[in-house]
Amino acid sequence: MMSAAAFIGVDSCPIEGFEKENVEKVLDLDTSKFQVALMLPFGYRLNDQPKQLRSDFASVVEFIK
Ligand SMILES: Cc1cc2nc3c(=O)[nH]c(=O)nc-3n(C[C@H](O)[C@H](O)[C@H](O)COP(=O)(O)O)c2cc1C
């Protein structure tokens with residue numbers, strides 16, 4: 001879901017720290033069938049993401065034969 005959203009330019013942010021029972025109550029879920037495992041807000045970024053700083057692959061990986 002997050003990858004699909006990112007593919008069309010929509011950002012998302014997974015959140016597991018929420019009040020599960022209260023959310024399920026608001027959504028009127030039959031929790032014997034469905035439960036909420038994750039909240040996933042979506043939105044558009046205001047500013048461009050900073051460039052990620054990653055070390056060169058060859059400088060951090062050594063193949064041992
Ligand atoms: C499965 C999962 C659950 C997460 N739950 C929380 C959460 O409950 N609260 C939180 O602050 N960040 C949570 N995060 C991390 C956020 O999605 C996010 O990456 C983090 O807040 C850093 O955001 P920032 O880069 O804008 O600072 C979770 C990440 C994952 C992968």
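The model on display is predicted.

**First stop: the ligand**

Begin by selecting the ligand together with Cys13, Pro14, Ile15, Glu16, Gly17 and Leu38, the residues around it. Colour this shell by class: 4 of its residues are nonpolar, 1 is polar and 1 is charged.

**Second stop: backbone atoms facing the ligand**

Next, display the backbone atoms of Pro14, where an N or O atom lies 2.7 Å from an oxygen atom of the ligand. Proceed to Glu16, which has a backbone N or O atom 2.9 Å from a nitrogen atom of the ligand. Then select Gly17; a backbone N or O atom of Gly17 is found 2.7 Å from a ligand oxygen atom. How much of the ligand's accessible area does the protein cover? On its own the ligand has 630 Å² of accessible area, and the protein covers 31% of that area.

Is Glu24 buried or exposed? The relative accessible area of Glu24 is 6%, and a residue counts as buried when this value is under 20%, so Glu24 is buried.

Show the side chains of Glu24 and Lys20 together: a polar contact of 2.9 Å joins them.

Notes
Residues are numbered from 1 along each chain as its sequence is written. This is a predicted model: local features need pLDDT of at least 70, side-chain atom pairs count only at pLDDT 80 or more; totals for chains, interfaces and linings use all residues. Side-chain values use heavy atoms; hydrogens and water are left out. A residue is near a molecule or strand if one of its heavy atoms lies within 4 Å of it. A polar contact is a pair of N or O atoms within 3.5 Å; within protein, one must be able to donate a hydrogen and the other to accept it, and residues adjacent in sequence count only if both atoms are side-chain atoms. Accessible areas come from the Shrake-Rupley method with a 1.4 Å probe; for residues, only the protein chains shown count as cover. Ala, Val, Leu, Ile, Met, Phe, Trp, Tyr, Cys and Pro count as nonpolar, Asp, Glu, Lys and Arg as charged, and the others, Gly among them, as polar. Buried means under 20% relative accessible area, exposed over 50%, partly exposed in between (1.4 Å probe, protein chains only).
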